[in-house]
Amino acid sequence: MIQLSAYLFLPMACHHSLIYTPRPYPHLHLPPDPSLSLLPSSPAASHYRQNLNFPYKKICNSHTRKGRVVCSMAAQNKAMSGNRMLVFVPPHPLIKHWVSVLRNEQTPCPIFRNAMSELGRLLMYEASRDWLPIITGEIQSPMGVASVEFVDPREPVAIVPILRAGLALAEHASSILPATKTYHLGISRNEETLQPSVYLNKLPDKFPEGSRVIVVDPMLATGGTIVAAIDLIKERGVDNSQIKVICAVGAPPALQKLSEKFPGLHVYAGILDPTVNDKGFIIPGLGDAGDRSFGT
């Protein structure tokens, strides 16, 4: 089963989420929220409800700490997830902006690649929330002693871009995350059979225990490529719960395969589209992300 969650953090307010949950919640009929990028009334949302059996639910989760409201995502995600896959569609206006630039067929190659890298930066920021290893302690500031938290550099996040389009989406990983290691994975798709074929594998023989892995693939269309990539990563000792997927556009066939094979996986998408054509392209999508990123 898949859950789809689009979330919005509001300063000093509660945590709003658009969540697609399995039955039995057919009685929930809530009005559209204009701040969310996948509205219940949209064609895409209608398609996901009809084909993946998801009703619409909106929740608010917050608690008070030392007189201020704190929006907590980790506990909520754990409660929502269980053995299900979660798909997050952050409704940030910058994400919508860069997706719109990518969709435009008139966008030239250099601007397209820049838009893809900026979208990747934002999605990685969202994906790393409440997920990175933290070191706590105290330091001396110019005005006194302060309690601090740092991301632990001893546990770098593994970034796995799927070549070649994944290179653009993963370009800013090292500027977002304080410690990373990049492992390139080349997978091509047969244009007739739509089956994946691995032509480059720079993954380690074994990932260290507890490794966090972000797999970067701009287009989750038929699902063959991303499933093959995650299979290779899992063979090297990484659990589903320690893997996150970043994509520009997702579609039902890929999400359905991922949910069936990898319960507990988290996917972060710029947008979700309703269909894939007989050539394996997402509709309306944004075309061939590799060709448009590199001009070849």
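Helices (H or I, at least four residues) and strands (E, at least two) are DSSP runs, numbered from the N terminus. With that in hand, the protein has nine helices and 18 strands. What you're looking at is a predicted model, where local features need pLDDT of at least 70 and side-chain atom pairs count only at pLDDT 80 or more, while totals for chains, interfaces and linings use all residues. Residues are numbered from 1 along each chain as its sequence is written, and side-chain values use heavy atoms, with hydrogens and water left out.

Let's start with the whole protein. Of its 296 residues, 50% count as buried, where buried means under 20% relative accessible area, exposed means over 50%, and partly exposed is in between (1.4 Å probe, protein chains only). Now take contacts, meaning heavy atoms within 4.5 Å. Among those between residues at least 6 apart in sequence, 66% join residues at least 24 apart.

Next, find strand β15, residues 243–250.

Who are the neighbours of β15? Two strands count as paired if DSSP finds at least two bridges between them. To get from β14 to β15, the chain passes through helix α7 (residues 224–234) in a right-handed β-α-β crossover. Right-handed here means that, with the strands pointing away from the viewer, the path from the first strand over the helix to the second runs clockwise.

Then there's strand β16 (residues 266–272), which pairs with β15 in the parallel sense over six bridges. Lys244 has His266 as its bridge partner in β16. The chain goes from β15 to β16 through helix α8 (residues 252–261), and this β-α-β crossover is right-handed too.

Finally, look at Arg212, in the loop between β12 (196–201) and β13 (213–216). Is Arg212 buried or exposed? It counts as buried because its relative accessibility is 17%. A polar atom of the Arg212 side chain lies 2.6 Å from the backbone oxygen of Trp131. Leaving aside neighbours within four places in sequence, Arg212 is in contact with residues including Trp131, Glu155 and Gln242.

Terms used: A polar contact is a pair of N or O atoms within 3.5 Å; within protein, one must be able to donate a hydrogen and the other to accept it, and residues adjacent in sequence count only if both atoms are side-chain atoms.
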